[in-house]
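Got the sequence and the model open? Let's take a quick walk through the fold, a helix pair and some aromatic rings.

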Amino acid sequence: MSANTTSRGAKVAYHGRKPARESSEQRRVAILQAALRVMVRDGVRGVRHRAVAQEAGVPLSATTYYFKDIHDLLADALTLYARDVMENVVNPFWVKVREWLFVTFPLYSGTDIRAQLPQIADFAVSHAVDDIIDRLTNHRERLMVEQSFWYAILQDERLHSLGLDYSMAVLRDATQMLTFIGVEQPANAARLILMTIKQLEVEGLLKPLETLDREAMKRLLMYQVRAICKI
């Protein structure tokens, strides 16, 4: 079993065979990405070695070489997805917020961060909503994978730990930021804010793209942030 990280040390475990060469790793990743596409298109039960091999354009023997059974294939595909979200969605967002925060309110400047919460909330909420709309518009398939991700995990008790690790990694970054700016009960606050973001994503998937209302989404998220953070 090989180990990789999601976000600043959050450990995730791969189950399948570890490739020895870079070309083999590329093929393995292509198989996992194909498995995610099959999962979105055909559901979790549609993820079978033959279907994934056909989707990936590789021989059937390639999928069975890297993954001894469907559980390992599905577990590694979901792990790949979790890493992708942490590296390309969650981490960049918090890096952007932190950079803005430290430029706007330099450390040791004597600034009362708590007093700046309205400005901080406006920046974070605006960028969070922009990111939601970007995912709904340009990365819709990734959000569809997210829904399939949780359904697959709920269906297989062996995958529950993966779901919890992923959830806690996302929660940890939000909690750390809310702790830094002095929000009371930061872990609970982070959970509620993240739940609202997920709700906005699901509603966005159900609506035509042309009906997305950025200002309405911002008002809803800002309402909750202000209530939770007591702004």
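What follows is a short report on this chain, starting with how to read the numbers.

## Ground rules

Keep in mind that this is a predicted model, where local features need pLDDT of at least 70, side-chain atom pairs count only at pLDDT 80 or more, and totals for chains, interfaces and linings use all residues. Residues are numbered from 1 along each chain as its sequence is written, and side-chain values use heavy atoms, with hydrogens and water left out.

## The overall fold

The chain has nine helices and two strands, taking helices as DSSP runs of H or I with at least four residues and strands as E runs of at least two, numbered from the N terminus. Reading from the N terminus, the order is β-β-α-α-α-α-α-α-α-α-α.

Of the 231 residues, 46% are buried (under 20% relative accessible area with a 1.4 Å probe, protein chains only; exposed is over 50%, partly exposed in between). Looking at contacts with a separation of 6 or more, 68% are between residues 24 or more positions apart; a contact means heavy atoms within 4.5 Å.

## Helices α8 and α9

Helix α8 (residues 186–206) packs against helix α9 (residues 214–229) at about 170°, with the axes 10 Å apart. That angle makes α8 roughly antiparallel to α9 (over 145 degrees, on a scale from 0 to 180 between N-to-C directions). The axes are lines fitted to C-alpha atoms over the stretch in contact.

Who meets whom? From α8 come A189, L192, I193, T196, I197 and L200, and from α9 come M217, L220, L221, Q224, V225 and I228.

## Aromatic rings

There are ten aromatic pairs in the structure, meaning Phe, Tyr or Trp rings (the six-membered one for Trp) with centres within 6.5 Å. Y66 and F67 make a tilted pair, 6.3 Å centre to centre with 55° between the planes; planes under 30 degrees apart would be stacked, over 60 edge-to-face, and the rest are tilted. Both Y66 and F67 are buried.

Y81 and Y166 have ring centres 6.3 Å apart and planes at 65°, so they count as edge-to-face. Y81 sits in helix α4 (residues 70–104) and Y166 in helix α7 (residues 160–180), so this pair ties together parts that are 85 residues apart in sequence. Y81 is buried at 4% relative accessibility, and Y166 is buried at 6%. Y81, F149, W150 and Y166 form one aromatic cluster.

## The annotated stretch

An unreviewed UniProt entry puts a "DNA-binding region" at residues 48–67; such annotations may be inferred rather than shown by experiment. In the model, that span is 75% helix and 0% strand, with its end C-alpha atoms 11 Å apart.

Definitions and conventions
Parallel < 35°, antiparallel > 145°, perpendicular 65-115°, else oblique.
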